[in-house]
Amino acid sequence: MDAILVLITTASKKEAEEIGQALVTMRLAACANIILGVDSIFFWKGAVSREQETLILLKTQRTLFEPLANAVKKMHSYSVPEIIALPIIEGSAEYLQWIKENSAVHGTPADGVTLRAATEIS
């Protein structure tokens, strides 16, 4: 298993909670951590912008990145949301096994939870 850390910024804590809850419910991520108060400075539509955002850190499997990104795009308020993945190059064997056991295998949501049903959460 190739474990990854996925970063997603959102416009609010509420949006981050809804997206994180949906992705964990769908088993597209084993865990979602929400970090409040991220000051973001970025170039958008020809100008430098500054916003207060919320960051979601997700632990999942590389094979789940595409379905996870597709689900986020359907739920997210931004037209171009940040959805990036970093490899987890080291970790405790027990924690990496926990990620594997608690995220779906090959992009198939576990326990009969469908992408459509989970996106209705938000």
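Which residues line the largest pocket? I went through this predicted model with that in mind, and here are my notes.

1. **The pocket lining.** The residues that line the largest pocket are Thr9, Phe42, Phe43, Trp44, Ser49, Glu51, Glu53, Tyr78, Ser79, Val80, Pro81 and Glu82. The space inside comes to about 280 Å³. Two elements each give two or more residues to this lining, namely strand S2 (31–44) and strand S3 (47–61). Sorted by class, the lining holds six nonpolar, three polar and three charged residues.

2. **The overall layout.** Stepping back to the whole protein chain, you get four helices and four strands. Read from the N terminus, their order is β-α-β-β-α-β-α-α. The chain has 122 residues, and 37% of them count as buried. If you take contacts between residues at least 6 apart in sequence, 75% of them join residues at least 24 apart.

3. **The H1/H2 pair.** Two packed helices are described by the angle between their axes and the distance between the axes. For helix H1 (residues 13–25) and helix H2 (residues 65–75), the axes come within 11 Å and cross at roughly 145 degrees. The crossing of H1 past H2 is right-handed. On the H1 side the contact is made by Glu15, Ile19, Ala22 and Leu23, and on the H2 side by Leu68, Ala71, Val72 and Met75. Seven of these contact residues are nonpolar, none is polar and one is charged.

4. **Serine 40 in S2.** Back to the strands: serine 40 sits in strand S2. Its relative accessibility is 12%, so serine 40 counts as buried. Setting aside neighbours within four places in sequence, serine 40 is in contact with Ser49, Arg50, Glu51 and Glu53.

5. Asparagine 33 is another residue of strand S2. Is asparagine 33 buried, exposed or partly exposed? It counts as partly exposed because its relative accessibility is 31%. Once neighbours within four places in sequence are left out, asparagine 33 is in contact with Leu55, Ile56, Leu57 and Lys59. Its C-alpha atom is also separated by 9.2 Å from that of glutamate 17, a residue 16 places away along the chain.

6. **Leucine 55, on the S3 side.** Leucine 55 belongs to strand S3, and asparagine 33 is one of the residues in contact with it. Leucine 55 has 15% relative accessibility, so it counts as buried. Alanine 32 lies 23 residues from leucine 55 in sequence, with 9.9 Å between the two C-alpha atoms.

7. **Two backbone spots to look at.** Most residues other than glycine have a negative phi, and most peptide bonds are trans. Arginine 27 has a positive phi of about 65 degrees, although it is not a glycine. You will find arginine 27 in the loop between H1 and S2. Lysine 45 also has a positive phi without being a glycine, with a value near 50 degrees. Lysine 45 is in the loop between S2 and S3.

8. Which way does each go, buried or exposed? Arginine 27 has a relative accessible area of 18%, and the cut-off for buried is under 20%, so arginine 27 is buried. Lysine 45 has a relative accessible area of 74%, so it is exposed.

Notes
Residues numbered from 1 in each chain as written. Predicted model: local features only at pLDDT ≥ 70, side-chain atom pairs only at ≥ 80, totals over all residues. Heavy atoms only, no water. Axes fitted to C-alpha atoms, helices over the stretch in contact; angles between N-to-C directions. Left-handed = near helix turned anticlockwise from the far one by under 90°. Contact = heavy atoms within 4.5 Å. Nonpolar A, V, L, I, M, F, W, Y, C, P; charged D, E, K, R; others polar. 1 Å grid on protein atoms, 1.4 Å probe; cavity = no way out; pocket = protein on both sides within 12 Å on 5 of 7 lines; lining within 4 Å. Points joined across faces, edges and corners; volume = space filled by probe spheres on them. Buried < 20%, exposed > 50% of the residue type's maximum accessible area, 1.4 Å probe, protein only.
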